[in-house]
Amino acid sequence: MSSPFLSTVSRPRRRTRKTLVGVALVAALALLLAVAFGVLALVERSSLPRGTTIAGVEVGGMTEDEARAAVVRAAATEVTRPIRLVAPGGRIASTRGNQLSAEPLVDEALDAALERGTVGRVLARVGIRPGPDVDLAYRLAPVPVAKLADRLDRRFGKPWRDAGVVVADDLRVVTARSGTGVDRGALRRALRTLPSRVELSFVPALPVVSTAEAEAAVARIERLLDGPRRVRFGIRESTLTPKRLRALVRTERQDGTLGVLLDPKGLGASLRLRLGDYEVAPREATFAVGPAAVRVVPSRPGRALDVERIGRSLVSNLESTVHLGRFTKTPPAFTTEDAEKLDIQELVSEFTTYYSCCQPRVTNIQRAAQLLDGTIIRPGEAFSLNEALGKRTVEKGFVAAPQIFDGRLEDAVGGGISQVATTLYNAAFFAGVKLVAHQAHQFYISRYPMGREATVSWGGPELVFRNNWPAAILMKVTASDSAITVRFYSRKLGRRVETTTGEPYSPVAPRTITSSNPSLPPGTTSTLQSAGASGFTVQYTRKVFKGPKLLANEHYTVRYDPQNAIVEMGPPKAKPKARPKPTPEDAPEPGPEETDPAEPPTRDGPAAGAE
């Protein structure tokens, strides 16, 4: 017989088993859902929520890069669309986003679209929750927006006006006036999303300077003009009459008030008539060069009238009729410290070329030397001869002299500057600097080294070199009646230059080039240019060292044209016509009378009117 106790214990055990099965099923379902959620989360993690739009552009399901590209494309169109600006009363103006330099804030919009996180994206994926609609904001440039507001003020607002003072034969107050203007903060906020329509709001525009401030300024000016004012320094005194002070008075807005001041330029001119002798110009640092060394000549500050301080004293200390003339130090533009930093200490190269005295080209050479002397080329800087001299003109002191043009010698303003170029090129050559651009003459000129020379002309060819050493270069140029010398001062820094020049080869003899000139007398010739040197080719080299280290190994080849003779020829000389022999038919008929001159000519005579 079964025990009741055993029977009652076995029933709950069956129920527990069912419960466990149910729990297991729920756990399995939860696990399945978690796995599914995880899979969806992985899928959605790299994309925007389904149904998401940014500025009306469908970007749901796109990656961030895809969405960014789509929004940028839409924004490029959006900034070109007109925005209607509607003022009270229905008056309309317009603008566009590109006129405001609008830049779309795409990353901010994408961040807003992704704010829901992974759960929100999964819910949007399964359709439980839709993706967000995000507005696209734009960054607007302040200046174009301010100009737009100014334009709207002028068109729709009521102009406001600061009070002011008109200084003429008498003093007149211009009263202040309130007005209205567009609400600039509201305008900027409304334009931030580039809507198609903006309702403009206007706010009161109050003047900064009141009429009371202008009246107070008039009182100060009247007090200033009630008698002469004197500015005294040492034993000298400058008197400013009321008439002169009236011409100098100015007013300007200063922190909500109307300040009174004196025109500094005009005041300075008036004071210098009597006190200008006390001013001392600043002295810039210079370099004194010796045979091989250089020293810095120290700079010195100058002294100038402190016109602004004197002016403030005149308009503020109205009780005083005598004011102290004050001075201020004026620093030199190029100080001793500036000069010492350039590290210019010694002669590093020099070159001289020679010429015949007293020719027009010598004037040009000497003028160029004046312009170039003292030039400083800092480390890393490039020097261009054309830039340094500028266009050669009569106004700059240049004259007409021969120069080579298209194979012949012709007079031109600035002729002879190529000798400056050749001398300068050789100084740069032996200073070991980088040769950027140079060109030899078309013909060989015997006063220059073969090949190692240069020509220039305004507009090209050019002579350019660069100071590729760590110390600056001081260029000293002197030109006498018969020679020009260029010296470069810097620091040697172990620099050394070696050069070789080969023998000329491939000679080309000059020839005679003829051309016709109908203005010459028939049968004559005119020699424009006599034959000169033959053409040839030559090579030269340069090695630049810094101590034992080779910095540059350069090879140059120059080909010279022959200097041909140029001859112009007149038209051919006409040959004299032979007189024809008379024939029996041409003989006149016998008769006692000659032909009357008034009668028509015979058939073999000249035509009427011929010479």
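**Figure 1. Aromatic pairs in the predicted model.** The structure holds 14 aromatic pairs. One of them joins Phe429 and Phe430, in an edge-to-face arrangement. Their ring centres are 5.1 Å apart, and the planes make an angle of 75°. The model shown here is predicted. These two rings belong to a cluster linked by ring pairs. Its members are Phe351, Tyr425, Phe429, Phe430, Tyr540 and Tyr556.

**Figure 2. The whole chain and its confidence.** The protein chain has 14 helices and 37 strands. Of its 611 residues, 35% are buried. Take the contacts in the chain with a separation of 6 or more: 70% of them come from residues 24 or more positions apart. The average pLDDT of the chain is 85. A score of at least 70 is reached by 83% of the residues. Two stretches call for care. Residues 1-10 have a pLDDT below 50. Beyond near neighbours in sequence, that stretch has 0 contacts in the model. Residues 35-43 also have a pLDDT below 50. Here the model shows 8 contacts beyond near neighbours in sequence.

Figure 3. The strands run in the order 22-30-29-23, and their pairing is antiparallel. Which strands stand at the edges? They are strand 22 (346-354) and strand 23 (376-377). Each has a single partner strand, so one side of each is left without a neighbour in the sheet. Strand 29 covers residues 473-479, and strand 30 covers residues 483-490. These two pair in the antiparallel sense over 6 bridges. Within this pairing, Leu474 stands opposite Tyr489 in strand 30.

**Figure 4. Two helices packed on the sheet.** Helix 12 is made of residues 360-372 and touches strand 29 and strand 30. The direction of helix 12 makes about 155° with that of strand 29. Helix 14 spans residues 417-431 and packs on the sheet too. Helix 14 touches strand 22, strand 29 and strand 30. The angle between the directions of helix 14 and strand 22 is about 150°.

**Figure 5. Thr422, a buried residue of helix 14.** Thr422 lies in helix 14. The relative accessible area of Thr422 is 0%, so this residue is buried. Which residues does Thr422 contact, leaving aside neighbours within four places in sequence? They are Thr353, His441, Tyr448, Arg452, Glu453 and Ala454.

**Figure 6. Asp153 in helix 5.** Asp153 is found in helix 5, which covers residues 142-156. With a relative accessible area of 19%, Asp153 is buried. The cut-off matters here, because buried means under 20%. Not counting residues up to four places away in sequence, Asp153 touches Lys158, Gly181, Val182 and Arg184.

**Figure 7. Arginines over ring faces.** Arg495 lies over the face of Trp469, 4.3 Å from the ring centre. Arg496 lies over the face of Phe545, and there the distance to the ring centre is 4.1 Å.

Figure 8. Start with the peptide bond between Gly460 and Pro461. This bond is cis, with an omega of about 5°. Pro461 sits in the loop between strand 27 (434-437) and strand 28 (464-466). Next comes Leu194, in the loop between helix 6 (184-191) and strand 11 (197-199). Leu194 is not a glycine, yet its phi is positive, near 50°. What is the relative accessibility of Leu194? The value is 4%, so Leu194 counts as buried. Leu493 has a positive phi of about 55°, although Leu493 is not a glycine.

How values were computed: Residues numbered from 1 in each chain as written. Predicted model: local features only at pLDDT ≥ 70, side-chain atom pairs only at ≥ 80, totals over all residues. Heavy atoms only, no water. pLDDT = per-residue confidence, 0-100. Contact = heavy atoms within 4.5 Å. Pairing = 2+ DSSP bridges. Helix = DSSP H or I, 4+ residues; strand = E, 2+ residues; numbered from the N terminus. Axes fitted to C-alpha atoms, helices over the stretch in contact; angles between N-to-C directions. Buried < 20%, exposed > 50% of the residue type's maximum accessible area, 1.4 Å probe, protein only. Phe/Tyr/Trp six-rings, centres within 6.5 Å; stacked < 30°, edge-to-face > 60°. Lys NZ or Arg CZ within 6 Å of the ring centre and 35° of its normal.
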